[in-house]
Amino acid sequence: MNINNIKNLPLYFISIFKSFLYSKLKYRINAGFKKNGRSIFIIGLGPSLKKDILFLNPESPLVDYFGVNNFVNSKYFIDLKPKYYLIIDPVYWRNPSHQENISFRKAFFDSINTKTTWNLTLFFPCTANLNYLRKFLKNPLIKLKLFNSVGIPTVNSTFYYELMDTQLFAPNGDNVLIHSIYLSMVLGYDPIYLLGADASWHEYLHINQNSNELTIKMNHFDKSSNTIRYVDDLKTKRADIVWMFEFLYKTFNSFKVVSDYADYKKIKIYNCSSFSWVDSLERKDIKKINCE
């Protein structure tokens, strides 16, 4: 074991304990990294998606699509008919929750139940309450699937890659695109294309110079919400600048981990977002990709 692995031993032990608590063999994906001869587009919701999504061809026979978060509310959800979908935010299953969030997730479940007329696999992390989710997801075409989502923060090593190979561990972090990339690799896709990965949250931060209140303007490709206080999903805790930049560090570090893990697995990942702060993934112009 090299010096970095020795230094990170406490993190390994903590993560292995968490994996013992939450990860299960039955949550592993049968595809198991076996190449399926197809490519996949992961549809992030960053502002750049507004123009980039116009270059996709829903009729392409060897291309699948992976939706995340509230993509279901976009008109493109029905056009692209994503084969996979991922939710990792506990606001969708944690109970009790703030009334605003209860309304928010009810709208999501109503929308995905109503609009999905094709076979869709909807992924949630292994910490999600599956029985609770089944109360809301009644569409028989939607298959609920948990995946082992335990990660190791700030670690990037070959030993970590070997742990991810078991599917009992995943990349660290709370960013849905990072886990979508990992799941796409496990499902056997190569190459993997990423759209709407602006990762530009820091550009929209604001500190009130009188109250020190941290706020952020949430910009997505189809809308821009009012400036809101950045809080947890129970709306009981205000975030501060230390928390925010720690979140940013962990997120960009995890993008680097999945990039290096893809190299280790000899899988190509391309960031096709016309604007993005993710510099760890190779860039490719969406207009130059043949989606016929």
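How many residues of the lining of the second largest pocket are nonpolar, how many polar and how many charged?

1. **What you are looking at.** This is a predicted model, in which local features need pLDDT of at least 70, side-chain atom pairs count only at pLDDT 80 or more, and totals for chains, interfaces and linings use all residues. Residues are numbered from 1 along each chain as its sequence is written, and side-chain values use heavy atoms, with hydrogens and water left out.

2. **The second largest pocket.** Its lining divides into five nonpolar, two polar and three charged residues. (Ala, Val, Leu, Ile, Met, Phe, Trp, Tyr, Cys and Pro count as nonpolar, Asp, Glu, Lys and Arg as charged, and the others, Gly among them, as polar.) The residues concerned are Arg-28, Ile-29, Asn-30, Ala-31, Tyr-84, Thr-121, Phe-123, Lys-143, Lys-145 and Leu-187. Strand 4 (120-125) and strand 5 (142-147) are the elements that give two or more residues to this lining. The space in the pocket comes to about 160 Å³. On a 1 Å grid over the protein atoms alone, a pocket is an open set of points with protein on both sides within 12 Å along at least five of seven lines, while a cavity is a set where a 1.4 Å probe fits but cannot get out; lining residues have an atom within 4 Å of a point. Grid points are joined across faces, edges and corners, and a volume is the space filled by probe spheres set on the points.

3. **One cavity.** Searching the whole structure turns up one cavity of 30 Å³ or more. The largest cavity holds about 40 Å³ of space. Around it stand Tyr-27, Ile-29, Phe-147, Asn-148, Gln-167, Tyr-182 and Leu-183. This lining has five nonpolar, two polar and no charged residues. Ile-29 is worth a look, as it is listed for this cavity and also for the second largest pocket.

4. Eight strands make an open sheet with parallel pairing, in the order 5-4-3-2-1-6-10-11. Strand 5 and strand 11 (282-283) are at the edges with a single partner strand each, so one side of each has no neighbour in the sheet. Here helices (H or I, at least four residues) and strands (E, at least two) are DSSP runs, numbered from the N terminus, and two strands pair if DSSP finds at least two bridges between them.

5. **Strand 1 and its partners.** Strand 1 (residues 39-43) pairs in the parallel sense with strand 2 (residues 63-68) over five bridges, and Ile-42 has Phe-66 as its bridge partner there. Four bridges join strand 1 to strand 6 (residues 192-195), again running parallel. In strand 6, Phe-41 is partnered by Tyr-193 and Ile-43 by Leu-195.

6. **Is strand 1 buried or exposed?** Five of its five residues are buried, where buried means under 20% relative accessible area, exposed over 50%, and partly exposed in between (1.4 Å probe, protein chains only). In a regular strand the side chains alternate between the two faces of the sheet. Both faces are covered in strand 1, with Ser-39, Phe-41 and Ile-43 on one side and Ile-40 and Ile-42 on the other.

7. **Helix 7.** The buried residues of helix 7 (residues 158-165) are Tyr-160, Tyr-161, Leu-163 and Met-164. Down the helix axis they fall within an arc of 160 degrees, so they line one face of the helix; the arc is that of the directions from the axis to the C-beta atoms. These residues pack against helix 2 (9-22), helix 8 (176-186) and helix 9 (241-265). In helix 9 you will find Asn-253, buried with a relative accessible area of 16%. Leaving aside residues up to four places away in sequence, Asn-253 touches Thr-154 and Val-155, contact meaning heavy atoms within 4.5 Å.

8. **Backbone spots to check.** Most residues other than glycine have a negative phi, and most peptide bonds are trans. Phe-33, in the loop between helix 2 and strand 1, has a positive phi near 75 degrees and counts as buried at 13% relative accessibility. Asn-69 has a positive phi of about 50 degrees; it is in the loop between strand 2 and helix 4 (76-80) and is partly exposed at 26% relative accessibility. Just after helix 7, Gln-167 takes a positive phi of about 65 degrees. Finally, the peptide bond from Asp-190 to Pro-191 is cis, with omega near 10 degrees, and Pro-191 lies in the loop between helix 8 and strand 6.
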